[in-house]
Amino acid sequence: MTAVAFEGAGASAAPGGRRWYDAIWHIEGEVPLGAAESADEAFDRLAPLFRHTGTTVRQQGDTLTFSKIDPDAQDPLAIFDRGVIEATATAGEPVLRYRMASRALLFCFLAPLLFLAFAQATVLVGAWTKPSAEEAAKAEKKQQIQLPQNWIDKALGAPAPEPKKKKAPGAEDDKGPKPTAGYIFAGIFAFLYVAGRLLEARLVRRQFARHLSGHRQN
């Protein structure tokens, strides 16, 4: 692990000022400061969460910002690329307010739209390449085989046998483009996004609450 140095200078951003679409890939919330009596003590208690390779942390007053580049797999906050944590008060109660961004969540949100676009394009290509009714009738007529009639049946006046449709190799299989795969992948990534969005929000809150309420960790 790499030790984290909390710097007193550096750019910081308040959790406010968000845009409506930021909620797609941002996780935000707040937890009570718990046993911590100040912002410095609260950030000290959270320090173990940021002692991982690729993590840069800066503290300016009551606000802490962090960013991650190629985080470890063991990093409990590896899914987040950057974030802002602020010690403040809500209704007179000291709380820790956080807001963190995740490109992984953004990818899982956009992936279903991409696969749905592929599926729709497949449907449009299939409709465009489908032969017209006249062309289909001509092709079906060409595939018909006129069966020979036995001379005895012909002498007795029996009707000629109906033409038999010729089976082309692989005709049983519809080899036209199918949108099924696009719909399946869109559903998979949509599920991953919803599950990840809900799960990560709960895990982050639990991590922060546990470190703030526990014994001070150096």
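With which side chain does the side chain of K68 make a polar contact? The partner is the side chain of D75, at 2.6 Å, a polar contact being a pair of N or O atoms within 3.5 Å, where within protein one atom must be able to donate a hydrogen and the other to accept it, and where residues adjacent in sequence count only if both atoms are side-chain atoms. The surroundings of this pair are described below, after the overall architecture.

The structure is a predicted model, in which local features need pLDDT of at least 70 and side-chain atom pairs count only at pLDDT 80 or more, while totals for chains, interfaces and linings use all residues. Residues are numbered from 1 along each chain as its sequence is written, and side-chain values use heavy atoms, with hydrogens and water left out.

The protein has five helices and seven strands, taken as DSSP runs numbered from the N terminus (helices H or I, at least four residues; strands E, at least two). Along the sequence, these elements follow the pattern β-α-β-β-β-β-α-α-β-α-β-α. Of the 218 residues, 28% count as buried, that is, under 20% relative accessible area, with exposed meaning over 50% and partly exposed in between (1.4 Å probe, protein chains only). Among contacts (heavy atoms within 4.5 Å) with a separation of 6 or more, 61% involve residues 24 or more positions apart.

Five of the strands form an open antiparallel sheet in the order β1-β5-β4-β3-β2, with strands regarded as paired if DSSP finds at least two bridges between them. The edges are formed by β1 (26–32) and β2 (55–60), each of which pairs on one side only. On average, and with direction ignored, neighbouring strands of this sheet are turned by 15° against each other; axes are lines fitted to C-alpha atoms, for helices over the stretch in contact, and angles run from 0 to 180 degrees between N-to-C directions.

Strands β1 and β5 pair over seven bridges in the antiparallel sense, and V31 stands opposite L96 in β5. Nine bridges connect β4 and β5, again antiparallel, with Y98 in β5 as the bridge partner of I85. These two strands form a hairpin with two residues between them, in which A91 takes a positive phi near 55°. Strand β4 (residues 82–90) is joined in turn to β3 (residues 63–68) by five bridges; here R82 in β4 is the bridge partner of S67. Finally, β2 and β3 pair over six antiparallel bridges. Their hairpin also has two residues between the strands, and G61 in its turn has a positive phi of about 65°.

In a regular strand the side chains alternate between the two faces of the sheet. T55 stands opposite K68 in β3. K68 is itself buried, with a relative accessible area of 5%. Besides D75, the residues touched by K68 include G54, T55, L77, A78, F80 and D81, when residues up to four places away in sequence are not counted.

Helix α5 (residues 180–213) lies across β1, β4 and β5 (93–101), running at about 30° to β1. Two packed helices are described by the angle between their axes and the distance between the axes. For α1 (residues 39–46) and α5, the angle is about 115° and the axes are 8 Å apart. The crossing is right-handed, a term used where the near helix is turned clockwise from the far one by less than a right angle, left-handed being the anticlockwise case. At this contact, A42, R45 and L46 in α1 meet F208, H211 and L212 in α5. By class, the contact has four nonpolar, one polar and one charged residues, where Ala, Val, Leu, Ile, Met, Phe, Trp, Tyr, Cys and Pro count as nonpolar, Asp, Glu, Lys and Arg as charged, and the others, Gly among them, as polar.

Two positions in helix α2 were also examined. L110 lies in this helix and is partly exposed, with a relative accessible area of 43%. The C-alpha atoms of L110 and I24 are 9.8 Å apart, although 86 residues separate the two in sequence. T129, found in α2 (residues 103–129), is likewise partly exposed, at 47%. Between T129 and P177, 48 residues apart in sequence, the C-alpha to C-alpha distance is 9.9 Å.
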